[in-house]
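Here are my notes on this one, written as numbered points. Keep the 3D view open while you read.

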Amino acid sequence: ICILGIAAYLWHVVAQGRNFDSQINGAAKRYNVDPLLVKAVIWQETRFHPDRRGKAGELGLMQIQEAAALEWSGNEHITNFSHEQCLDPGTNTLAGTFYLSRLLKRYSHADNPVPFALADYNAGRGNVLKWNSGAGATNSAVFMAQIGFPGTRAYVKAIMRRYEMYQLLVKLGL
C-alpha cells in the first residue's frame, strides 16, 4: 500500500500543471530560466490556478504585481498593455519568468542566486538588502538563515524543495 501511495503522489506531482508546460517552457527558453524553477514558483504561488488574485493586486499563475508586469511589457515594447492581461497563462508566465530572470541575474555573484531571487520575488529588494549582509551577501546558506521574515524563509524553502523534487523526477524520467 505504501508503494502505491508513493506512486500515486508522484503521478500527481508530475501531472499537476502539465497543461501549462508549453507556456512555462516557452517563457523559460525565452528568458533563459530553468523551466522547473518556473514551475516550482507557480506551484508555490497558486498551485497552477491561473485566475488567482492576490491581496496586494497580484494576478495569475505567478502572482505578478502591476509594476513587474509593466516592466516586462515595456521591455518587450508591448503597447496598450493592461495588468489584467496577466490573467492569461501565457502572458503571465512570460512576465513572471522575465522578472525572475532579472532577479537571478541581480544575484549572479552568489554561490546560488536562486534563494536570493526568490526572497526578492516574495519580499522585495529592500528586504533582501537588509538580509544579505556579511557572508550572506554571497553565501546562500548564510543568507537563508538571515532572512528576517519567517514567511519569506518558508516560501523560499518550499520552492527550493519543490524545485529539487522536479529535478529528481526529471532524472528518474518521470
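1. Which hand does the crossing have where H5 passes H6? It is right-handed; a crossing gets that name if the near helix is turned clockwise from the far one by less than a right angle, and left-handed if anticlockwise. Helices here are DSSP runs (H or I, at least four residues), numbered from the N terminus.

2. Before we go on, a word on the source: this is a predicted model, where local features need pLDDT of at least 70 and side-chain atom pairs count only at pLDDT 80 or more, while totals for chains, interfaces and linings use all residues. Residues are numbered from 1 along each chain as its sequence is written, and side-chain values use heavy atoms, with hydrogens and water left out.

3. Back to H5 and H6 (residues 113-123): their axes are 8 Å apart and the packing angle is about 125 degrees. Axes are lines fitted to C-alpha atoms, for helices over the stretch in contact, and angles run from 0 to 180 degrees between N-to-C directions. That angle makes H5 oblique to H6 (under 35 degrees is roughly parallel, over 145 roughly antiparallel, 65 to 115 roughly perpendicular, and the rest oblique). Among the residues in contact are Gly96 and Tyr99 of H5, and Pro113 and Val114 of H6; contact means heavy atoms within 4.5 Å.

4. Now find H3 (residues 35-46), whose axis comes within 8 Å of the H9 axis and crosses it at roughly 130 degrees. So H3 is oblique to H9, and the crossing is right-handed. Look for Trp43 of H3 and Tyr155 of H9, which are among the residues that meet here.

5. H3 also meets H5 (residues 89-106), with axes that come within 11 Å and cross at roughly 110 degrees. That makes the two roughly perpendicular. Leu37, Val38, Val41 and Ile42 are the H3 side of the contact, while H5 brings Thr93, Thr97, Leu100 and Leu104.

6. How many salt bridges does a search of the whole structure find? Six, each a side-chain nitrogen of Lys or Arg within 4 Å of a carboxyl oxygen of Asp or Glu. One of them joins arginine 53 to glutamate 84, with the closest N and O atoms 3.0 Å apart. The partners sit 31 residues apart, arginine 53 in the loop between H3 and H4 (66-75) and glutamate 84 in the loop between H4 and H5.
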